[in-house]
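Here is a short tour of a protein model. Take a moment with the sequence and the 3D view before reading on.

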Amino acid sequence: MAKTEELLTDLRAATLADGNVPYGMIEDAAIALRDGRIAWVGAAAELPEEYRGFEKTALGGRLVTPGLIDCHSHIVHGGDRAVEFEMRLNGASYEEVARAGGGIVSTVTATRQADEAELLEDALKRVDVLIAEGVTTLEIKSGYGLDVETELRMLRVARRIGEVRPIRVRTSFLGAHATPAEYKDRDDAYIDQVCIPALRAAHAEGLVDAVDGFCEGIAFSTAQIARVFYVAKELGLPVKLHAEQLSNLGGAKLAASYGALSADHIEYLDEPGVEAMAAAGTVAVILPGAFYTLRETQAPPIAALREHGVPMALATDVNPGSSPLTSLLLTMNMGCTLFRMTPEEALRGVTQHAARALGLTDQGRIAPGQVADLAVWDVKHPAELAYRIGFNPLHKRIFGAST
């Protein structure tokens, strides 16, 4: 919790302000904090008189960035898929793994069997690792219950995480994640009888900040997702979508037509999809953890996203099957190494653009009026945050007042 009035001095600030200065860097900077928000940032020599009496904290010349934001996670779930991982590496096919009870079915079974206390205890172990890397805001999805009761339980646990840890939580309802075994070959019935009623119930309980879906050949069609999105809009909830991960079904264009906050994965996104996202202001959320774990070869169209000015966010996609990744710093490195994103794009991807992917206007930059969520790093240059592998240079995290 930030002090009521505090002046951070002897620092270098990567403000991520838009402009011609890389990283929005201010050397020999000062940051004034008041009531959990940033009151002023600039060169220390230009500090206004009104902030000179604030309680001072010298940071020894360290780098300060906005607090990191993980904008796509499935961090609440039961069980793990380590045995399945081993089976695949020993030559088992996807079908053999599924017949042995693996795949999403195993996670759904484990999640349904876990009560709220068990789900919370397991999730906090993963959350604490992210907090230790400077994460101050975390998006959490449902989607491993696939029945009304368990979807609500997952979202209650997500809300609880934000109460028992110093981290802001944004929830996404992901009932349209997969069709459970009891609705095999009855996808439309599942959408009508489980997914939409669960969404309405979760909204009535105040558990939903956004609505997500998985648009893919192994999941749901654009027409089925559109029915969920229609209800989301009726309820006044923004939407986002897992799209174009394994094929191109036009999910990103559908999401953009609903003014989606983000389209995520998007390895198979085509030019019309990029253009639709650009026109709608939809953020591209890049998820290298799943690409790496699944050993994919089709990379997202980074150059086209750049060309059309589509903001690019990065996130862990932490989940037990395709991305058991709980390091946002490693995610930044993977975005650069696997997809040739620049270190500045990576840092903006876990701050400024990640905030936009969650519809947050008061996070992700160091600027007056922004929440005083900051990360202080023992590094000489911001590129080090994406450069190192398996190394955490966080000196301390500053978590502003609750908003």
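Predicted model: local features only at pLDDT ≥ 70, side-chain atom pairs only at ≥ 80, totals over all residues.

Eight of them form an open sheet in the order 5-6-7-8-9-10-11-12, and the pairing is parallel. Strand 5 (68-70) and strand 12 (312-314) are the edge strands; each has a single partner, so one side of each is left without a neighbour in the sheet. From one strand to the next, the twist averages 25 degrees.

Within this sheet, strand 9 (residues 240-243) and strand 10 (residues 262-265) pair in the parallel sense over four bridges.

Helix 5 covers residues 148-164, 17 residues in total. From first to last C-alpha it reaches 25 Å, close to the 24 Å expected at 1.5 Å a residue. Its buried residues are Thr150, Glu151, Leu152, Arg153, Met154, Leu155, Val157, Ala158 and Ile161. These buried residues pack against helix 3 (104-113), helix 4 (116-131), strand 6 (135-141), strand 7 (168-176) and helix 6 (187-204).

Helix 6 also has its own place on the strands: it lies across strand 7 and strand 8 (210-215), and runs at about 160 degrees to strand 7.

## The annotated binding site

An unreviewed UniProt entry carries the annotation "binding site" for His72, His74, His242 and Asp317. These residues span 246 residues in sequence, yet no two of their C-alpha atoms are more than 12.3 Å apart, so they gather at one spot.

## Cysteines without partners

How many disulfides does the model have? The count comes to zero. For Cys195, the closest cysteine sulfur is in Cys215, 13 Å away, which is too far for a bond. Cys195 counts as buried, because its relative accessibility is 1%.

Cys336 is in no disulfide either; the nearest cysteine sulfur, that of Cys71, is 15 Å away. With a relative accessibility of 12%, Cys336 also counts as buried.

Note on methods. Residues numbered from 1 in each chain as written. Heavy atoms only, no water. Helix = DSSP H or I, 4+ residues; strand = E, 2+ residues; numbered from the N terminus. Expected span 1.5 Å × (residues − 1). Buried < 20%, exposed > 50% of the residue type's maximum accessible area, 1.4 Å probe, protein only. Contact = heavy atoms within 4.5 Å. Disulfide = S-S within 2.5 Å. Pairing = 2+ DSSP bridges. Axes fitted to C-alpha atoms, helices over the stretch in contact; angles between N-to-C directions. UniProt positions renumbered as here; feature names shortened; annotations may be inferred.
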